[in-house]
Amino acid sequence: MQQRSLASTSRSVSAIGLGTWQLGADWGEVDDGQALAVLEASADAGVTLFDTADVYGDGRSETTIGRFLASRPGHGITVATKMGRREAQVPENYNRENFRAWTERSRRNLGVDTLDLVQLHCPPSAVIESDDTYDALDELVQDGAIAAYGVSVETAAQALAAIARPNVTNIQIILNPFRLKPLDEVLPAARAAGVAIFARVPLASGLLSGRYAEHTEFAANDHRSYNRNGEAFDRGETFSGVDFETGVKAARRLAAALPEGITLPAATLAWIASRPGVTSVIPGARTTEQARANAAAAALLDDGTDLTGFSDAVAEVYDELLRADIHPHW
């Protein structure tokens, strides 16, 4: 597994990380044993970045990670958590007092004195643009509550605003064959500024697994059922904002362009990880098989697999099926 420098920190993280939203049971039920097994399989496969948030399962994801890491001394894993969605998403709630309370809770959940990396969790643009935001985060670093901070964003404009801040370690942004706009400006700006990029929703909520058909149904407590049109949170977080049936059709087109013996999710993860400026790709996994398969995709970065045809197909499918329907700010 490739290990890549985490921007200005002394840490390195794996090219393929693990997103743990699903461990909070927001993708259907996941029991504790299953969640711990996913973490173990990922770590054993060389994954050294776990991404979580204080609202995933109302802290369940964080506490599960904390229990796992406590049982694995010398694990070498960086935990990137997120904060800011425990209150209404209005600028006045992003203040010093709440930042301190949220980080204290995450420290307890994870069982650590200092959080490795805290990311603002898709806050309003006014928060990303405010000097007060970064003054408060700098204080948390100075106090030893957090070691570094970044911003998880919804739009390219938000990413560019955060990248311009001198102490931002990373940007987390949706990037996959269905969401290509970050390639234009965000990744080049991040490389120039020495800011890490975490690519989230890399498999478009499973559309790029190649396993879904137009008639596929999801559990009632799975956001792929209840948030298709942004009913609960930003629509872009579910299927990358793509219409489900269109996404199924696009995934079939991409699958037809795969090198022999390579699966669609493996090619997708490797393709994203190979984009200049991407530090880590953070797919989720609900089973140990998924966790191992995701991590194994990193081998395509080193074994000479030619993804040129797949890359060409990504551009063609995006232009023909997706570009017109993607929100211009994404």
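These legends accompany several views of a single protein chain. The model is predicted, so that local features need pLDDT of at least 70 and side-chain atom pairs count only at pLDDT 80 or more, while totals for chains, interfaces and linings use all residues. Residues are numbered from 1 along each chain as its sequence is written, and side-chain values use heavy atoms, with hydrogens and water left out.

**View 1. The whole protein chain.** The secondary structure comprises twelve helices and ten strands, these being DSSP runs numbered from the N terminus (helices H or I, at least four residues; strands E, at least two). The C-alpha trace spans about 55 × 40 × 40 Å along its principal axes. Of the 330 residues, 55% count as buried, where buried means under 20% relative accessible area, exposed over 50% and partly exposed in between (1.4 Å probe, protein chains only).

View 2. Two strands pair if DSSP finds at least two bridges between them; strand 8 (residues 168-174) and strand 9 (residues 196-200) pair in the parallel sense over five bridges. The bridge partner of I174 in strand 9 is R200.

View 3. V317 belongs to helix 12 (residues 308-322) and is buried, with a relative accessible area of 3%. Residues up to four places away in sequence not being counted, V317 touches A250, R253, L254 and L322, a contact meaning heavy atoms within 4.5 Å. H223 is 94 residues from V317 in sequence and 25 Å from V317 in space, C-alpha to C-alpha.

View 4. Most residues other than glycine have a negative phi. A7, in the loop between strand 1 (3-5) and strand 2 (12-14), has a positive phi near 50° and counts as partly exposed at 22% relative accessibility. A204, in the loop between strand 9 and helix 8 (223-226), also has a phi near 50°, but A204 is buried, with a relative accessible area of 0%.
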